[in-house]
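Reader: Please take one part of this model and go through it closely. I would like the surroundings of the ligand first, then the core and the strands that go with it, with the cut-offs stated.

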Amino acid sequence: MTAISTDKPAVPDVLAPAQLGPLRLRNRVIKAATYEGLSHRSRVTRDLVDFHVGYAKGGVGMTTVAYCAVAPEGRTDRHQLQWTDEAMPGLRHLTDAVHAEGAAVSAQLGHAGPVANPKANGFPALAPASTSTGPR
Ligand SMILES: Cc1cc2nc3c(=O)[nH]c(=O)nc-3n(C[C@H](O)[C@H](O)[C@H](O)COP(=O)(O)O)c2cc1C
């Protein structure tokens with residue numbers, strides 16, 4: 001029977017730096033996307049910046065800006081963050097503020113499809129099927 005070596009831990013130290021593609025994270029703690037509801041008119045607000053800077057100050061390796069819609073009809077409400085030229089200065093500011101605290105930041109890009117809110121968005125919801133479970 002071969003003895004199992006205990007020299008190298010099977011799981012890396014969660015507080016050890018990590019390489020994520022081109023990014024060097026200071027540790028492996030990543031704040032998951034949890035929809036903040038802190039954007040206004042689909043742009044970054046001071047509260048949204050403060051929310052993520054708080055996690056950076058708390059020591060995470062990376063924080064995640066939740067749900068940034070790729071199109072106006074892909075929002076679940078009309079204030080939801082949207083990836084537009086107009087939103088870029090706010091996103092840049094948020095990114096710089098998080099980086100200043102030593103953390104990285106990512107953004108979750110998405111399209112709400114059948115669960116978008118056409119009434120609030122002022123656009124019809126677009127999806128490959130009329131239900132979220134798809135055709136039967
Ligand atoms: C209040 C709340 C909001 C969330 N918003 C998002 C979101 O915007 N995008 C997303 O992908 N997941 C969202 N999630 C899911 C979380 O990112 C996470 O995957 C989930 O809470 C499971 O994490 P756990 O396995 O650590 O419990 C949300 C969860 C909660 C509780």
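Author: Around the ligand stand A32, A33, T34, Y35, A66, Y67 and Q108, where a residue counts as near a molecule if its C-beta atom, placed from the backbone, lies within 6 Å of it. Five residues of this shell are nonpolar, two are polar and none is charged; here Ala, Val, Leu, Ile, Met, Phe, Trp, Tyr, Cys and Pro count as nonpolar, Asp, Glu, Lys and Arg as charged, and the others, Gly among them, as polar.

This is a predicted model, in which local features need pLDDT of at least 70 and side-chain atom pairs count only at pLDDT 80 or more, while totals for chains, interfaces and linings use all residues. Residues are numbered from 1 along each chain as its sequence is written.

The largest nonpolar core has 19 residues, and V44, L94, A103 and V105 have the most contacts inside it. Such a core is a set of buried Ala, Val, Leu, Ile, Met, Phe, Trp, Tyr and Cys residues joined through C-beta atoms within 7 Å. Buried means 20 or more other C-beta atoms within 10 Å of a residue's own, exposed means 12 or fewer, and partly exposed lies in between. At least two residues of the core come from each of α1 (46–58), β3 (62–69) and α2 (88–100); helices (H or I, at least four residues) and strands (E, at least two) are DSSP runs, numbered from the N terminus. β3 gives the largest share, six residues. In soluble globular proteins, nonpolar side chains tend to be buried together.

V105 touches H52, M62, T63, V65, L94, T95 and V98, leaving out residues up to four places away in sequence; contact means C-beta atoms within 7 Å.

β3 and strand β4 (residues 104–110) run parallel and are joined by six bridges, at least two DSSP bridges being needed for strands to pair. In this pairing V65 stands opposite A107 of β4. From β3 the chain crosses through α2 to β4 in a right-handed β-α-β crossover, that is, clockwise from the first strand over the helix to the second with the strands pointing away from the viewer.

G110 is also in β4. With 17 other C-beta atoms within 10 Å, G110 is partly exposed. Beyond its neighbours within four places in sequence, G110 is in contact with Y67, A69, V70 and G74. G110 and P124 are 14 residues apart in sequence, and their C-alpha atoms are 16 Å apart.

How values were computed
Contact = placed C-beta atoms within 7 Å.
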